[in-house]
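Please look through the sequence and the model shown below before reading on. The report that follows is meant to be read with both in view.

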Amino acid sequence: MRRIIAIVLSLMVPLLTLVTACGKMPHNYYIAGSSESRERLQDLFTLLAAENTAENTFAVVREIANSYAREKEYGRLIHFLGERTINFPNDPYNSYYLLMIAYAYIQQDSLPVAALYFDLIVKNYPDLTINGESIHFACLNQLIDLTEDPNQQVWYYQELISRFSDRIDPGVIWFMLAQTYEQIGDWNSAIQAYTRYLPYAGTIVPGFPNADNYARQQVDFNNSRKDWTFESLPALLSAIRSALDAGSPRQLERYRAKVNFFARSWTHDDTDTSSMADFSLSEFMRSNRIRYADRLDAASNATEAFLRTWGWGWVQYVPTWYLYFRKIYFPSDPEIHGRWEWAGIYFGERF
């Protein structure tokens, strides 16, 4: 944090030099714009010099800053408010002034600098409520969007949850926190966050239309025994083919995934939970010999594979099924991560 403060203050070096040399910033620098604007600013600075209460001074300072913002004089706004925070370090409204500086930098497309100010406010200045809005709450929301460091994002999400639980959409925040934990490789915390998200299933998470399914799959898989997994794809294929050759639905049932297994057509929406398989394989194998291709389908790759099979069910059913196998991505358990599972079935011929 000392490094952040040093960086932010370094941005004010020209200002500090001028303040030191002149004692205070000359009003001529601040009195700018049209004749009407100049007259108004002159009146405001005169009023500012006469005020002696924190609340009245704040009202005048804010109006001066707003005047610069309306005129898009962001450089003057930054210098004016920067001078106040330097000259009056105990001003109870400094967090608001720094917030306005941050927004001025956003208007100038200096987003990394703005992020430094938002972070400085949250970690070093007390919160203020202005017009019913919390300054820290506003800063945290900005920081989540502006910060690329997932470790910092985790801290910001945690602050939102612990301090502003009544002002956030908890489903969105818990899901995004879980995603951020994944980015830094903290898989146990990610699973805990996904678990906290599940009571809010149905929440619309921007950019994640499949959030419910994804969170549920992660939690269910984590809580399962995972005793259906195979060390390699060849080992899994050998077991599946043996069960098919033996015509044994019981054997096949042992090999399919016990959580997150699906059975759907190729055109089925994979975000629809109704596609999750809940049927008995024996109904489709009775009095039928199930055949399978000698080789995996050409669409197979290093992380997923498809085996064409046919002969399932009766005439009214689709006789061709593609068995879908995938490599397990589950870094939280090194013994399971990288193994293979029979994860689903696609009905019909592949287009």
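Predicted model: local features only at pLDDT ≥ 70, side-chain atom pairs only at ≥ 80, totals over all residues.

Residues are numbered from 1 along each chain as its sequence is written, and side-chain values use heavy atoms, with hydrogens and water left out.

**The chain**

The chain holds 16 helices and 7 strands, where helices (H or I, at least four residues) and strands (E, at least two) are DSSP runs numbered from the N terminus. Of its 351 residues, 45% count as buried, a term that stands for under 20% relative accessible area, with exposed meaning over 50% and partly exposed lying in between (1.4 Å probe, protein chains only). Contact means heavy atoms within 4.5 Å, and among the contacts in the chain with a separation of 6 or more, 54% come from residues 24 or more positions apart.

**The nonpolar cores**

In soluble globular proteins, nonpolar side chains tend to be buried together. A nonpolar core is here a set of buried Ala, Val, Leu, Ile, Met, Phe, Trp, Tyr and Cys residues joined through side-chain atoms within 4.5 Å. The largest such core in this model has 67 residues, and those with the most contacts inside it are Ile 64, Phe 80 and Leu 81. Helix H7 (residues 94-107) gives the most to this core, with 10 residues. Apart from it lies another core, of 32 residues, which includes Ala 239, Ile 290, Trp 312 and Trp 342.

Leu 81 is found in helix H6 (residues 74-87), and it counts as buried because its relative accessibility is 0%. If its neighbours within four places in sequence are left aside, Leu 81 is in contact with Val 61, Ala 65, Tyr 97, Met 100 and Ile 101. Leu 81 and Leu 99 are 18 residues apart in sequence, and their C-alpha atoms are 9.8 Å apart in space.

Two packed helices are described by the angle between their axes and the distance between the axes. Axes are lines fitted to C-alpha atoms, for helices over the stretch in contact, and angles run from 0 to 180 degrees between N-to-C directions.

| Helix pair | Axes come within | Crossing angle |
|---|---|---|
| H8 (residues 111-124) and H10 (residues 150-163) | 13 Å | roughly 50° |
| H9 (residues 135-146) and H10 | 9 Å | roughly 145° |
| H11 (residues 170-184) and H13 (residues 211-223) | 12 Å | roughly 55° |

Angles under 35 degrees count as roughly parallel, over 145 as roughly antiparallel, 65 to 115 as roughly perpendicular and the rest as oblique. H11 and H13 are therefore oblique to each other, and their crossing is left-handed, meaning that the near helix is turned anticlockwise from the far one by less than a right angle, whereas clockwise would be right-handed. In this pair, Phe 175, Gln 179 and Glu 182 of H11 meet Ala 211, Tyr 214 and Ala 215 of H13.

H8 likewise passes H10 in a left-handed crossing, where Asp 119, Val 122 and Lys 123 of H8 meet Gln 152, Trp 155 and Tyr 156 of H10. The crossing of H9 and H10 is left-handed, and the residues that make this contact include His 136 and Phe 137 of H9 and Trp 155 and Tyr 156 of H10.
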